[in-house]
Amino acid sequence: MLDDLFSRLREATAPAEIETLQDGIWQIWLTAGHPLLDKRLETGTRALSAGDYGLAIQEFTFLTETAPEYAEGWNKRATAYFLRGEYKAALRDVRETLLREPRHFGALSGQALMLRALGDARGALRVLQRIEQLCPAWPGLQAQLRTLREELE
């Protein structure tokens with residue numbers, strides 16, 4: 001099912017269709033596959049939304065240690081580290097996410113944002129090109145690519 005959604009995402013051109021496909025992919029990613037893990041994911045996500053990054057990191061660390069193959073545990077912890085300003089830790093967890101799910105557009109978007117903030121425009125461009133392979137019509141992507149290419153010229 002996930003492969004089918006990504007195949008359709010690659011061909012999608014309408015923003016509403018892209019959003020619907022993204023939502024379908026997120027629904028799959030946000031299921032850890034075990035009630036305890038799903039509960040910890042939910043608790044961590046609520047903590048993240050409330051700005052309690054310490055608790056969020058604690059919950060997502062439980063996921064990465066208990067189910068290390070579950071990409072979303074790594075991605076959520078990367079988000080918590082990012083929001084806490086810990087880019088090095090966030091980038092490390094993004095790499096772990098992408099090892100498990102190379103098509104993780106959320107992790108790729110976050111990685112590009114952090115690389116750009118750290119002054120690595122070339123790295124950010126490479127990451128955005130990976131997103132372009134997933135969905136060339138991603139809203140706003142072509143403008144970001146154009147801006148980065150202009151910066152690098």
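These legends go with a few views of one predicted chain.

View 1. Helices here are DSSP runs of H or I with at least four residues, strands are E runs of at least two, and both are numbered from the N terminus. Along its principal axes, the C-alpha trace spans about 45 × 35 × 25 Å. A compact globule of 153 residues would have a radius of gyration near 15 Å, and the chain's 16 Å agrees with that; the rule, over C-alpha atoms, is 2.2 Å times the number of residues to the power 0.38.

**View 2. Here is the largest nonpolar core, 46 residues in total.** Such a core is a set of buried Ala, Val, Leu, Ile, Met, Phe, Trp, Tyr and Cys residues joined through side-chain atoms within 4.5 Å; buried means under 20% relative accessible area with a 1.4 Å probe, protein chains only. Phe6, Leu9, Ile25, Phe105, Leu128 and Trp138 touch the most other members. Helix H8 (residues 121-134) gives the largest share, 7 residues.

**View 3. Zoom in on Phe6 and its contacts.** Leaving aside residues up to four places away in sequence, Phe6 touches Ile25, Trp29, Arg103, Phe105 and Leu134, where contact means heavy atoms within 4.5 Å.

**View 4. Helix H6 (residues 87-100) meets helix H7 (residues 105-117).** On the H6 side, the contact residues include Tyr87, Leu91 and Val94, and on the H7 side they include Leu108, Gln111 and Met114.

**Notes.** Residues are numbered from 1 along each chain as its sequence is written. Local features need pLDDT of at least 70 and side-chain atom pairs 80 or more, while totals for chains, interfaces and linings use all residues, and side-chain values use heavy atoms, without hydrogens or water.

Technical notes: Buried means under 20% relative accessible area, exposed over 50%, partly exposed in between (1.4 Å probe, protein chains only). Axes are lines fitted to C-alpha atoms, for helices over the stretch in contact, and angles run from 0 to 180 degrees between N-to-C directions.
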